[in-house]
Amino acid sequence: MPESAVPPWQRRIDLAERAVGGSLDAVGLLRHEVDRLAEDEQLLSTPADAAEMSYFLALLRELGDAAEREYGVALDTIKQWVNEERVPVEHRCPVHNRIATVLAESGHDWDARWALRGALKAARTPLEEAHTLTQLGAVFVRLRGRAAAREHAERAARLASQADGSAAWLDVRMRSAHTLFLIERPLQTRGRGLDLVRELVDLCGRQIDRWGNDHPRALEALVIMTAAKHAEAVAAHDLAAQERLTDALAVTAQRSASLLGARHPQARAAREALLEAHEITSQVRADEERREQDHRERARRSERELARREEAERAKARDQSAANGTRTQPREPVAGGAGEATAMFTSPLLTAVPEDRTPHDPAEDLREVIARARVVLWDFDGPICRLFAGHSADWAADGLVRWLEARGLHGLLTDEEREALDPHVVLLAVARRHPGSDLVLELEERLTLEELQAAASAMPTAYADPLIRTWTAAGVRLAVATDNSPRVVRKYLVSRGLLSCFASHVYGRTQNLHLLKPNPHCLNRALAAMGAGPSDALVIGSTPADCQAALRAGIPFLGYARNARKVKELRSVGAGLVVESLEQVLRIVRSTA
């Protein structure tokens, strides 16, 4: 078919799809095509044209920097159509609504508001009016116009309450309730906000049931519902629920990125919801840890004051006894018995120093071990980030298990190993039974690929980044010693701008899997390369294997545990110093730097 006979939108989209596929010729032709958009008198005349434009812009967005100019030109063109009211009035409402969605996704909320004003004036049915009102409410929330947002969302809700239960009206109900929920945040323990959470849970659940788990609208509903439950958990001061729901948002964000593409607006919205929940939860956790630390500090001060008073009373009694001329003869100690160590003399000629009863102070121990460290060896997954925050470790383990089963090796793992849902458990189990085999090498490479994929959505551990930078600025040398692949560690550190803090000192998993922790091999490698001794170093880890490796290497160990269960696990293998937030470590480093 001659080019002139190809429908314009088909030609544009074909070029954009070829450009996304890597055709350099298509990229050049695409630039020319975008520059001619303004010449098309029928560009956005129907809802079908608006849908094609939306898809065309999504393809340009997928090209990233290579089509940044073209994306801007296309947006300017559709703004011109809105401002000049060029869309035929009979199609203006649906076309302007679609255009407003594109503009809002691109961060042009004021232009989206203008498009929706035109759509509202042109609405011809209650459903068109309600849909436009929900869009306007969402735009005004982002523009911080709470009163206008509430007005539009409530009008949409009233229209929806008079309508049937079709999918379109269900969508209006969910979106208007979501807008009203956003206005009510932060939620109170009582009030309309919690009622809106319950309404959203019901509406989102129905939306998911209607569309199926992996449909974009179902994923959007899942994000809205989970974020609403998280806000409810914040209002209830339920930290455990906040952490669980943040993990659920991480999984949903990963699913959205996998199914829709990382640049898809819905995938971006899922990441934004995840980051917001993570920041709130981290702050709540830090506040709770600070309160607990303050409480422990007050208790320690009370204990020290009580010990001081008791000692003062004993000293006073000894002074009175000496003044009265009393002589207290020492008891005859039993050889090797407690009396030999604790005998107390009150004779003015023979005075023994009393036993030190000052309470043990973990905070001072922590300060001392940090001040002494000249080299800090970090574990990666846990202290620096949560590697599988957005790419579930369960999925990674299940992928390895299914890969083995596809090769007829189902019986290679025990039921316990198969159900552990830990990729390292699967890898080590196979390595024990087939050490050094090609099967183990291939399985290790597959795990590395899973870890590399997970690194793209890894969640930074709270306060880890500033702690790493502060220690580096103070002249302390850092290394990573981990059971993860060193390729994964470097990828993550580069993404956070932290690789220079570790120089070349990243020591990770090799093909010699018998050298994984609790074997201290990677710790000893790091010390040898940095020319440091065990007494000059500090290991920061989050697993019992980290602690055991440090003990075997003779290096002081600081445990990081993000919940009570992790604390208990570390204590069970002899970890003396454990923190539940790196903020405490950061404060000490800053105060001593």
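**Helix pair, sheet and cores**

H9 and H10 are roughly antiparallel to each other, since angles over 145 degrees count as roughly antiparallel. This is a predicted model, in which local features need pLDDT of at least 70 and side-chain atom pairs count only at pLDDT 80 or more, while totals for chains, interfaces and linings use all residues. Residues are numbered from 1 along each chain as its sequence is written, and side-chain values use heavy atoms, with hydrogens and water left out.

Reader: At what angle do helix H9 and helix H10 pack?
Author: Helices here are DSSP runs (H or I, at least four residues) and strands are runs of E of at least two, both numbered from the N terminus. H9 covers residues 167-184 and H10 covers residues 192-211, with axes 9 Å apart. With axes fitted to C-alpha atoms, for helices over the stretch in contact, and angles running from 0 to 180 degrees between N-to-C directions, the angle is about 150 degrees.

Reader: Which residue in S5 is the bridge partner of Val480?
Author: Strand S4 (residues 477-481) is joined to S5 by two bridges, and S1 pairs with S4 over four bridges. The partner of Val480 in S5 is Val506.

Reader: How many of the five residues of S4 are buried?
Author: Buried means under 20% relative accessible area, with exposed over 50% and partly exposed in between (1.4 Å probe, protein chains only). S4 is mostly covered, and the number of its buried residues is four.

Reader: Which residues touch the most other members of the largest nonpolar core?
Author: A nonpolar core is a set of buried Ala, Val, Leu, Ile, Met, Phe, Trp, Tyr and Cys residues joined through side-chain atoms within 4.5 Å. Leu57 touches Tyr71, Ala74, Leu75, Ile78 and Val102, not counting residues up to four places away in sequence. Of the 60 residues in this core, those touching the most other members are Phe56, Leu57, Leu60 and Ile78.

Methods. Contact means heavy atoms within 4.5 Å. Two strands pair if DSSP finds at least two bridges between them. Angles under 35 degrees count as roughly parallel, over 145 as roughly antiparallel, 65 to 115 as roughly perpendicular and the rest as oblique.
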